[in-house]
Amino acid sequence: PRAERHASVADEVMFHAQPALLERDLAALKPERPGVPDIYFVGFGAYSYEDVFMKEIRIISELFRERFDADGRTIALINNPQTSGEVPLASMTNLARVLHHIGGLMNPEEDVLVLYLTSHGSEKHRLSVVNWPLRLDEIDPAALKRMLEESGIKWRVIAISACYAGGFIGPLKDEMTLIMTAADAQKQSFGCGTQSDFTYFGKAVFDEELRRTHSFTEAFERARRVIAQRERAQQFAPSNPQIYIGGAIAAKLHEVESRLRERSAGAAPAQAGR
């Protein structure tokens, strides 16, 4: 017997509700706070046939709302039948709109975008964007670079969990950008599938290490070792996760990390004193 049928984004009610969902979520985003290096988080779960990408975006969005002080500055775009009536779909057009809108809310000198894209990737370095029966465009490095440049967002942390994602680093790298990818340009990454809650990369970097540190570089270096252990245990070929750190963004992220550490330390005594 067929599994319970979820609403499709192509059903008339869902289809016509989609623009309003995006408008609602854009309108809910808060403006920047003067003097505060804010993080704006965008999650993009692009492949509707496997729940792992939806699950990742939901959990990581919550992590940024709580631990990275991004409540009101977090938005998710997801392709999944379960979210068709609740969450704006993940498409190149919607991502461009979100980035442009956030670019208008941010202080370009103070604030940092964290963009997490999770999907399947091809050897031609294209991210699958699938929400059947819609025909959605794949995202390649040139398209993502164009969207980011047109947004006016200066400081960027970009994480891509997909096979062959290292192919995005060359076109996207600059002094103001940190890029983390689940694999190098020639390798597959692991952990997707119908039963998974996380990809190996998303689990290790975000759900484990970024709960212990506010440093993206520290989290990545620890996660890289964890991923290698898990791959060896499963006898998978190494995915070889990659990181690129622009010359200027290291200091900016240190400033953000310092603020978040102070915020966490300030919250701890109140909890302990209960």
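# Reading the predicted fold

User: What share of the contacts in the chain with a separation of 6 or more comes from residues 24 or more positions apart?

Analyst: Residues 24 or more positions apart account for 73% of those contacts, where a contact is defined as heavy atoms within 4.5 Å. This is a predicted model, in which local features need pLDDT of at least 70 and side-chain atom pairs count only at pLDDT 80 or more, while totals for chains, interfaces and linings use all residues. Residues are numbered from 1 along each chain as its sequence is written, and side-chain values use heavy atoms, with hydrogens and water left out.

User: What makes a stretch of the chain a helix or a strand, and how many of each does the chain have?

Analyst: Both are DSSP runs numbered from the N terminus, a helix being H or I over at least four residues and a strand being E over at least two. By that rule the chain has eight helices and six strands, and from the N terminus on they follow the order α-β-α-β-α-β-α-β-α-β-α-α-β-α.

User: Why is the chain called as compact as a globular protein of its length?

Analyst: Its radius of gyration, taken over C-alpha atoms, is set against the globule rule, which is 2.2 Å times the number of residues to the power 0.38. For 274 residues the rule gives 19 Å and the chain has 18 Å, which is close, so the chain is as compact as a globular protein of that length. Along its principal axes, the C-alpha trace spans about 55 × 45 × 45 Å.

User: Why is Thr 213 called buried?

Analyst: Buried means under 20% relative accessible area, with exposed meaning over 50% and partly exposed in between (1.4 Å probe, protein chains only). Thr 213 has a relative accessible area of 8%, and therefore counts as buried. Thr 213 belongs to the loop between α6 (200-208) and α7 (216-233), and its contacts, leaving aside neighbours within four places in sequence, are Arg 67, Phe 68, Glu 218, Ala 219 and Arg 222. Over the whole chain, 54% of the 274 residues count as buried.

User: How do you know that the buried residues of α4 line one face of the helix?

Analyst: Helix α4 (residues 141-151) has Pro 141, Ala 143, Leu 144, Met 147, Leu 148 and Ser 151 as buried residues. Viewed down the axis of α4, they fall within an arc of 165 degrees, so they line one face; the arc is that of the directions from the helix axis to the C-beta atoms. An α-helix has 3.6 residues a turn, so residues three or four places apart point the same way. The cover over the buried residues of α4 includes α3 (92-105), β3 (112-118), β4 (155-161) and α5 (169-172).

User: What makes the phi of Asp 69 worth a note, and which residues does Asp 69 contact?

Analyst: Asp 69 is not a glycine, although its phi is positive, at about 55 degrees. Asp 69 sits in the loop between α2 (51-67) and β2 (74-78), and with a relative accessible area of 11% it is buried. Setting aside neighbours within four places in sequence, Asp 69 is in contact with Arg 33, Phe 64, Arg 259, Leu 260 and Arg 263. The C-alpha atoms of Asp 69 and Leu 260 are separated by 7.5 Å, although these residues are 191 residues apart along the chain.
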